[in-house]
Amino acid sequence: MMKIFPIPAFEDNYIWIVQNDQEAFVVDPGDAVPVIQYLKKNKLKLIAILVTHHHRDHIGGINNLVELYNTPVYGPRREKIPNLSHPLGEGDVVEFKQLNFKANVIDIPGHTLGHIAYLWQGGMFCGDTLFTCGCGKIFEGTPEQLHHSLQRLASQPDDTLVYCTHEYTEYNTPFAQICEPGNLVLKQWVEDAEVLRQKNLPTVPTTLQLEKATNPFLRCTQPEIIYQIEQHNGIKLPAGDEQAAFTALRQWRDMF
Ligand SMILES: [Zn+2]
């Protein structure tokens, strides 16, 4: 039986570990130390490392883990990933039969140009592209690329679990609430997330259903959001232009 747990790292990163009783793989190990501690404590053998993109807080632990466990490294073929043994891109499949895990790889450029996601029936590892109530910053791509990537992630079934790599809910919800003060699902989520964080519990994974109901970057066609963008940016958005609304929203978020 496959289980997935978050291993906290740095300030607010999560390194996801997918495991059964004996074996495990990790996703985006920015730091080797908490992974090694977890593996030792739970007597697990590390069989692979999966990576979504090349940022330091996602790859910093790879070399130490490879040295210790001699594990293969799966990651984006278009980015510089240390010890990359299995370069991946759109259309590739990653499978670990012993963990009952089989995922499709898609390219989701925007945050970085080579960023990939791993999608399987029931969940997604989406790195720094889709966050709870937010999305990644555009470091290398264009707003068009990021928008398209988010749309592709959002087209998965509603019950898909969103395993993003940061604890950002309480960081993102104040902006989401300004975008959509009348959103009652969002209001409830803010309260629920506060309770979780007070108990020091993660607010992730969320479901795509919740993201579609609360995440302003997946809701750029909502009249209230368009109204707030126009008010705060002092602009008039072209009617029906979702991309223009997304671009303006991402810019506003960067200033917020
Ligand atoms: Zn990143």
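Colleague: How are the donor residues of the zinc ion spaced in sequence?

Modeller: Donors are N, O and S atoms within 2.8 Å of the metal (3.2 Å for Na, K and Ca); water is not among the atoms, so sites may look incomplete. Here the spacing is H-x1-H-x55-H-x16-D. The model is predicted, with local features needing pLDDT of at least 70 and side-chain atom pairs 80 or more, while totals for chains, interfaces and linings use all residues. Residues are numbered from 1 along each chain as its sequence is written, and side-chain values use heavy atoms, leaving out hydrogens and water.

Colleague: Which protein atoms are the donors of the zinc ion?

Modeller: They are His53 (NE2), His55 (ND1), His111 (NE2) and Asp128 (OD), at 2.1 to 2.2 Å from the zinc ion. Helices (H or I, at least four residues) and strands (E, at least two) are DSSP runs, numbered from the N terminus. His55 lies in the loop between strand E4 (45-50) and helix H2 (56-59), and His111 in the loop between strand E8 (101-107) and strand E9 (116-120), so the pair ties together parts 56 residues apart in sequence.

Colleague: Are His55 and His111 buried or exposed?

Modeller: Buried means under 20% relative accessible area, exposed over 50%, and partly exposed in between (1.4 Å probe, protein chains only). Both His55 and His111 are buried.

Colleague: Which residues of helix H5 are buried?

Modeller: In H5 (residues 169-179), the buried residues are Thr169, Asn172, Thr173, Phe175, Ala176 and Cys179.
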